[in-house]
Structures are given as structure tokens and as C-alpha cells.
Amino acid sequence: MPSNELTPLLLRHVTKSPDLTSITHLTVSNRNIDRIGSALHRLTKNLTSLNVSFNRIRTIDSALPYSVFDLNLSNNRIETISTGSLPKVMGTLDLSNNQIKSLDFLENKFVVNLNLRNNPLSSDYRSRIIRSMPHIWSIDDTYITEEERTRVLKNSEVPDTTTTTTTTS
């Protein structure tokens with residue numbers, strides 16, 4: 001099956017603009033896109049909002065523009081996101097309804113609103129995110145209260161009580 005990549009040609013067709021550097025908002029939903037190409041990073045330096053929802057993307061392995069603040073990748077087939085492919089700071093990151101199993105890609109990221117609903121993640125993923133992203137405001141459209149944040153952080157400070165017993169003869 002041929003690849004349906006988000007290419008400069010498709011971008012120009014969607015935006016009706018020969019100058020992609022001036023684009024700030026881009027929606028390319030429902031276009032059977034299966035790959036975001038590296039051209040997006042080079043050609044859309046002022047892009048702040050990107051919606052690539054309802055496509056067939058399985059992997060995010062190309063760096064997205066650092067200027068993107070709101071990113072919607074929901075309702076794809078995403079299984080893996082390479083470290084360094086997402087911007088370091090984002091207001092909203094919607095990855096709901098995908099096949100994401102690991103949160104490694106969130107390391108060293110600052111995200112205010114994160115949606116991971118309907119992914120095959122472990123049941124404690126919300127707590128893990130709160131511990132690793134102390135400035136996050138909401139996960140799955142549910143605000144993190146001060147009580148929840150305190151409880152999660154307090155529980156993470158509990159020392160490991162598992163001990164190994166050795167017997168000496």
C-alpha cells in the first residue's frame with residue numbers, strides 16, 4: 001500500500017497558499033495520512049496549532065515544528081512516538097483513541113492539558129504523569145486538584161518497604 005504522507009504538496013493544496021511559512025493553524029483531519037513527513041518541520045515555522053486527527057498514523061518519528069503549541073493527534077493508530085519528535089512545550093496535546101502503551105516520549109516535556117483517554121496504558125498512568133510532569137493542569141479533560149497532586153506526590157515519597165532477607169549460617 002503506498003504511503004500517504006503529509007507532504008508540501010498536500011499542505012499547499014489544503015491551505016491554498018504557496019507560502020507555508022505564514023501558516024499558524026493547520027487542520028488535516030480525515031485525509032488517510034499515515035505519516036507526518038519531515039517537511040512539516042522545515043516549512044511551517046510559525047505553526048502554532050496542528051490537527052491531524054482521524055487519520056492512519058502509526059508512528060511519530062519526525063520532529064514536529066517547535067512552534068506548535070496545540071497538537072491534536074487523536075483517533076489515529078499511534079503506537080510509538082520517538083523521543084524528540086514532539087515540541088518541548090505544549091498547551092494541549094491530544095493523543096486520545098490511539099494504541100500508545102508507553103509514556104517515555106513525555107520525558108522532559110511541559111504540557112498543560114494532556115489527553116490520553118482510550119489508550120492501552122497501565123491503570124496508574126495518571127499518577128505517573130502527575131509525578132513526572134509537576135506543572136500539568138489536566139489529564140483526560142479532568143483537572144488535577146491540589147489534593148490529588150499532594151496525595152500522588154506524597155505516595156511517591158514512600159520508601160520501598162520490600163526487603164530481602166538473607167540468612168547466615
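Modeller: Valine 89 sits in strand E8, a strand being a DSSP run (E) of at least two residues, numbered from the N terminus. This is a predicted model, where local features need pLDDT of at least 70, side-chain atom pairs count only at pLDDT 80 or more, and totals for chains, interfaces and linings use all residues. Residues are numbered from 1 along each chain as its sequence is written, and side-chain values use heavy atoms, leaving out hydrogens and water.

Colleague: Why is valine 89 called partly exposed?

Modeller: Buried means under 20% relative accessible area, exposed over 50%, and partly exposed in between (1.4 Å probe, protein chains only). Valine 89 has 43%, so it is partly exposed.

Colleague: What makes one face of helix H4 the buried one?

Modeller: Helix H4 covers residues 146-156, and Glu148, Arg149 and Val152 are buried in it. Seen down the axis, the buried residues fall within an arc of 100 degrees, so they line one face of the helix; the arc is taken from the directions from the helix axis to the C-beta atoms. A helix here is a DSSP run (H or I) of at least four residues. On the other side of H4, Glu146, Glu147 and Lys154 are exposed.

Colleague: What do the buried residues of H4 pack against?

Modeller: They pack against H3 and strand E11 (142-143).

Colleague: Which residues is isoleucine 129 in contact with, leaving aside its neighbours within four places in sequence?

Modeller: Contact means heavy atoms within 4.5 Å. For isoleucine 129, the partners are Leu103, Leu106, Leu114, Leu116, Ile136 and Ile139.
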